[in-house]
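User: I'd like to go through the labels on this model and see what backs each one. Can you take me through them?

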Amino acid sequence: MIIDYFWPESEYMDLDSTWFQQDGATSHTAHVTIDLLKNKFDDHVISRNGPVDWPPRSCDLAPLDFFLWGYVNSLVHANKPTALEELKANIEREIAAVSAEMCGRVMENWVQRIDHCKRARCGHMSKVEFHS
C-alpha cells in the first residue's frame with residue numbers, strides 16, 4: 001500500500017519537514033517496512049522499531065485511532081452488511097462522506113491532545129478531551 005498509494009502522493013509533499021507516524025501494528029513495524037520508510041523520510045519516522053519510538057499505550061494520540069476508525073466503523077456496520085461487496089460499498093461511501101470541516105475539527109482536537117500530553121510531560125493525563 002505504501003508503494004502503490006502513498007509514494008505517488010508523497011511527491012507533492014515537502015519531505016524535509018514531514019514526519020511519518022504509524023502505530024505499533026505488526027505489519028507497520030516489520031523491518032522491511034521501517035527500512036522502506038527510513039529511505040523516504042530518513043529519521044522522521046515515528047513507529048515502533050523506527051528511528052523515533054511510538055509512545056507506549058498512546059493510540060489515542062493519532063487522529064485515525066482516536067476518531068476516524070471508530071466513527072467510520074459504526075456507520076459501515078449500521079446496516080449489518082452480510083456480503084463482502086456490501087461491506088466494501090459501505091466503507092467507500094462512509095469514507096467519501098467524511099467532510100473537510102469534520103477533519104478540521106478532528107485536527108483541532110488533536111492539537112489539544114498533544115498540548116495535554118506536553119503539559120503532562122508525557123505522563124498520566126487526568127483530563128483529555130475525547131470528542132471532536
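Analyst: Buried means under 20% relative accessible area, exposed over 50%, and partly exposed in between (1.4 Å probe, protein chains only). This is a predicted model, where local features need pLDDT of at least 70, side-chain atom pairs count only at pLDDT 80 or more, and totals for chains, interfaces and linings use all residues. Residues are numbered from 1 along each chain as its sequence is written, and side-chain values use heavy atoms, with hydrogens and water left out.

User: Why is Ile95 called partly exposed?

Analyst: Its relative accessible area is 38%. That falls between the 20% and 50% cut-offs, so Ile95 is partly exposed. Ile95 is found in helix α5 (helices are DSSP runs of H or I, at least four residues; strands are E, at least two; both are numbered from the N terminus).

User: And what makes Lys80 exposed?

Analyst: Lys80 has 67%, and the cut-off is over 50%, so the label is exposed. Lys80 sits in the loop between α4 and α5, with a positive phi of about 50 degrees although it is not a glycine.

User: How do you know which label Asn49 gets, exposed or partly exposed?

Analyst: Asn49 has a relative accessible area of 40%, so it counts as partly exposed.
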